[in-house]
Amino acid sequence: MPETQLSAAADPQILRVATYNIHKGVQGLGPARRLEIHNLGLAVEQLDADIVCLQEVRKMNRKEEQYFDRWPSVPQAEYLAPEGYESVYLTNAYTRDGEHGNALLSRWPVIGYQREDISDHRFEQRGLLHVELDIQGKRVHSIVVHLGLIHGSRIRQIAQLHRFIEREVPPNAPLVVAGDFNDWGNQIKRMLAGFGLFEFEGDRGALTYPSRLPIAQLDHIYVRGLTPLGLQVPKGRIWWRMSDHLPLIAEFRL
């Protein structure tokens with residue numbers, strides 16, 4: 001198993017979280033592009049996570065729906081949710097042909113959810129998805145993020161995330177912040193540590209991008225009020241064919 005050995009999934013005190021940028025369910029360019037949403041549905045099941053945080057999830061896209069014969073008849077978040085999971089999706093970006101955003105799939109009951117606009121300029125529509133969950137009678141807050149491509153934007157978005165957490169998440173509540181941080185350095189990690197959010201620190205970096213030959217960890221799972229136990233990045237052809245990112249799986253003690 002890559003990275004560090006994960007704990008037994010049967011332990012009720014272990015929370016298993018995954019984050020995955022699914023590249024809108026399509027890979028490739030032009031006539032060579034292929035629909036991967038059906039394979040991604042199988043992949044999400046294989047992750048076997050209590051919480052799955054997804055980025056670049058399409059609610060609908062008229063152009064792709066016409067191009068692909070097997071385009072799902074329901075929004076991608078709903079399609080990807082394994083049996084028994086609840087799906088939450090809210091739109092970040094509106095385009096000429098459709099809309100896409102962040103999603104969260106949960107094995108545990110959803111208490112409530114909301115979106116905060118964190119767009120930093122008019123060329124990138126960004127948002128965070130906040131979902132409150134009931135996990136074994138404990139209120140756990142989860143925030144799905146997909147930060148901007150510009151360094152200064154990401155710094156301002158982390159500051160906005162901090163203000164959101166202070167306003168919306170009780171200080172003693174367990175908190176998970178996961179997603180595509182689009183960051184190649186350590187400044188964001190230091191900023192998050194400044195307000196109590198940490199991730200598992202293994203011997204080696206959990207590289208997730210680009211999926212075919214990963215050289216950077218753009219995807220992260222940070223927590224507050226939980227104990228990080230382990231980290232895993234599934235690898236191999238079956239994974240790099242589905243998206244330009246690899247999924248990241250982490251386990252925490254409740």
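## Strands S1 and S13

Strand S1 (residues 14–21) pairs with strand S13 (residues 248–253) in the antiparallel sense, over 6 bridges. Two strands count as paired if DSSP finds at least two bridges between them. Ala-18 has Ile-249 in S13 as its bridge partner.

This is a predicted model: local features need pLDDT of at least 70, side-chain atom pairs count only at pLDDT 80 or more, and totals for chains, interfaces and linings use all residues. Residues are numbered from 1 along each chain as its sequence is written, and side-chain values use heavy atoms, with hydrogens and water left out.

## The sheet

The open sheet has 6 strands in the order S5-S6-S4-S1-S13-S12, with mixed pairing. Strand S5 (86–94) and strand S12 (227–232) are the edge strands, each pairing on one side only. From one strand to the next, the twist averages 25°.

## Helix H1

H1 packs on the sheet and touches S1, strand S4 (51–61), strand S6 (98–106) and S13. Contact means heavy atoms within 4.5 Å. The direction of H1 makes about 155° with that of S1; angles run from 0 to 180 degrees between N-to-C directions, with axes fitted to C-alpha atoms, for helices over the stretch in contact.

H1 spans residues 37–47. Its buried residues (under 20% relative accessible area, 1.4 Å probe, protein chains only) include Ile-37, Leu-40, Val-44 and Leu-47. Asp-48 follows H1, with a positive phi near 50°.

## Helices H4 and H5

Helix H4 (residues 151–168) and helix H5 (residues 187–194) pack at about 10°, their axes 11 Å apart. H4 is therefore roughly parallel to H5, a term for angles under 35 degrees. Ile-155 and Ile-158 are among the H4 residues that meet H5, where the partners include Ile-188 and Met-191.

Conventions: Buried means under 20% relative accessible area, exposed over 50%, partly exposed in between (1.4 Å probe, protein chains only). Helices (H or I, at least four residues) and strands (E, at least two) are DSSP runs, numbered from the N terminus. Angles under 35 degrees count as roughly parallel, over 145 as roughly antiparallel, 65 to 115 as roughly perpendicular and the rest as oblique.
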